[in-house]
Amino acid sequence: MDDTGTFMKTETKPLVLDVDGTFLKTDLLFETFWAGLGQAPIATIHAVFAHLTDPAWLKARLVDLTEIRTDLMPVNEGVADAVAAAKAEGREVVLASASNEALVKRLAADHGLSPRVFASSETQNLKGRRKAAALVEAYGEAGFDYAGNDTVDREVWSHANAALVVGDTASAKLLEGQGKPVTRIAGGWSPRGVLKALRPHQWVKNVLLFVPVLAAHDFTLSTLISVLFGMLAFSFAASSIYVVNDLLDLEADRLHVKKKHRPFASGAVPISVGMAAGAGVGAAALVVAAILSPAFLAVIVGYMILSLAYSLKLKRLRWIDIAVLAGLYTIRVVAGAYASGVEVSGYLLAFIFPAFLTLGCVKRLTEVTLAHGDERLPGRGYGKPDRPDLLNVAILGMVGALVSFFLYSFTDQAVALYPTQWLVWAALIPIAWWLIRMVRLGYYGKQDHDPIVFAMKDKRGLGILMIAIALLFQAAGLWEQWVSAALN
């Protein structure tokens, strides 16, 4: 469009569109790579290493290994407007891409574009000069308008009648300086979108690293600082896995009423940028962990491996996924013990695991309750018919957690730390109340898809937990110790 917001008419010359980053707000090569990791991980990794220097063959091999829905992929709104205007003028709209021909043809059919496409085959990577030569051969010099988004598209723009430039300000200025008719279309990404993809709001889960410190009543400054660094490492590690999880779940997220707005699924952040960000925070997590201690580094490596296995496969396995989720939360408590140097009781872990098994069931209960039909959720093994079973397992986990907590109160450690034993038993009442409340809200679909995030925002639930903590502090005599220390 020109400065007045009107798309420029160029007779009936065809409008040729690049695909990756231009017509689509994503990249078909990366889409097939991540789909391949989810559907055939070993074969995909082998294909990448075997054909890394032969992009045309690699693209073809990844298409063979995967099944992806091109109709769900996000389209650039500005380019879609240009397509609509060109169609209204009776112009042919053609896709020309370095992506594999099979996918490009499917994409053209999805959007009612010309069946004639220009794309890569198994032997030729149609990019830059090759794409320009193919288009000139088909339409003649200046016989087409071309939309692109990258410096490599300058080879094509130089032979086009007019240029539509998506987000590439430098190329737009250069073409305008050469007297080429240019239509600028918004594109690009923002750091805010990358930050959203890292999900910093989820870092609140890592307060679990403080559990061993709270249980042992060790509030020295050095201990607290060590745990804070441990939280930082776990936050970075978790963010790297969130990125991987979202990239593996692109298609499932696009089918979800809320998750379709996530940065990668919606195209707000390019997949390549997400990969770089995920690798960066993952490396930072390992560096911080190594500084703390070799034992803590081992725990965080184990956490990342298990999280990766969950993202790749385990989250699609009924019941196993919930057990793994509970295990990942339990690992955080173990990590807190290694970061602080505080010994953690086996009974404490026996309480934590079933408690989070319950919350894992709550997560799935919420998802199936809010689902529109009885079919299984995309990328998950559960559907509405599983609600009774999920409820039963949630109750079993809750009972297991409460029994473990009760048995812990009789251990030598508990007797030493909590002299007023009946107050420890009294704390079971608000703990049970909180767990029952979480299960009930999940069963009726009245909370967020992530129960931990919901719990941190739930004022009534936080109040219930504060009652339990206050009772435990009173049982330990901590209030008196702190008042005495303050007065002295």
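## Core around Ile431

Ile431 touches Phe351, Leu402, Phe405 and Ala468, leaving out residues up to four places away in sequence. This is a predicted model. Ile431 belongs to the largest nonpolar core, which has 49 residues. Within that core, Phe356, Leu402, Phe405, Tyr418, Ile431 and Trp434 touch the most other members.

A second core is separate and holds 27 residues. Ala35, Val79, Ala82 and Val117 are among them. In soluble globular proteins, nonpolar side chains tend to be buried together.

## Thr358 in α17

Thr358 sits in helix α17. Is Thr358 buried or exposed? Its relative accessibility is 0%, so Thr358 counts as buried. Beyond neighbours within four places in sequence, Thr358 is in contact with Ala394, Gly397, Met398 and Val439.

Thr358 can also be placed against Ile322. The two are 36 residues apart in sequence. Their C-alpha atoms are 8.6 Å apart in space.

## Salt bridges

How many salt bridges does a search of the whole structure find? The count is 18.

Glu101 pairs with Lys105, with 3.7 Å between the closest N and O atoms. Both residues lie in helix α5 (residues 101-110). They are four residues apart, so about one helical turn separates them. Glu101 is partly exposed, at 32% relative accessible area. Lys105 is also partly exposed, at 43%.

Arg199 and Asp246 meet through their side chains in a salt bridge, at 2.4 Å from N to O. This pair links distant parts of the chain, 47 residues apart. Arg199 is in the loop between α9 (191-198) and α10 (211-216). Asp246 is in helix α11 (residues 221-248). Arg199 and Asp246 are both buried. The pair is also part of a network of salt bridges that links Arg199, Asp246, Asp253 and Arg262.

Arg437 bridges to Asp458, and their closest N and O atoms are 2.8 Å apart. Why does this pair tie together separate parts of the sequence? Arg437 lies in helix α20 (residues 421-443), while Asp458 lies in the loop between α21 (451-457) and α22 (459-476), so the joined parts are 21 residues apart in sequence. Arg437 is buried, and Asp458 is buried too.

## Ala197 in α9

Ala197 is in helix α9. At 3% relative accessible area, Ala197 is buried. What does Ala197 touch beyond residues up to four places away in sequence? Its contacts are Tyr242, Val243, Asp246, Pro263 and Phe264.

Glu92 gives another reference point. Ala197 and Glu92 are 105 residues apart along the chain. Their C-alpha atoms are separated by 37 Å.

## Helix α1 against α11

Helix α1 (residues 28-39) packs with α11 at an angle of about 95°. The axes are 8 Å apart. That makes the two helices roughly perpendicular.

From α1, the contact uses Trp34, Leu37 and Gly38. They meet Val244, Leu247 and Leu248 in α11. By type, the contact residues are five nonpolar, one polar and no charged.

## Helix α14 against α15

The axes of helix α14 (residues 271-292) and helix α15 (residues 294-312) come within 7 Å. They cross at roughly 155°. Are α14 and α15 roughly parallel or roughly antiparallel to each other? The pair is roughly antiparallel, because angles over 145 degrees count that way.

On the α14 side, the contact is made by Gly282, Ala285, Leu286, Ala289, Ala290 and Leu292. On the α15 side, the residues are Phe296, Leu297, Ile300, Val301 and Met304. The contact residues divide into 10 nonpolar, one polar and no charged.

Key
Residues are numbered from 1 along each chain as its sequence is written. This is a predicted model: local features need pLDDT of at least 70, side-chain atom pairs count only at pLDDT 80 or more; totals for chains, interfaces and linings use all residues. Side-chain values use heavy atoms; hydrogens and water are left out. A salt bridge is a side-chain nitrogen of Lys or Arg within 4 Å of a carboxyl oxygen of Asp or Glu. Buried means under 20% relative accessible area, exposed over 50%, partly exposed in between (1.4 Å probe, protein chains only). A nonpolar core is a set of buried Ala, Val, Leu, Ile, Met, Phe, Trp, Tyr and Cys residues joined through side-chain atoms within 4.5 Å. Contact means heavy atoms within 4.5 Å. Axes are lines fitted to C-alpha atoms, for helices over the stretch in contact, and angles run from 0 to 180 degrees between N-to-C directions. Angles under 35 degrees count as roughly parallel, over 145 as roughly antiparallel, 65 to 115 as roughly perpendicular and the rest as oblique. Ala, Val, Leu, Ile, Met, Phe, Trp, Tyr, Cys and Pro count as nonpolar, Asp, Glu, Lys and Arg as charged, and the others, Gly among them, as polar.
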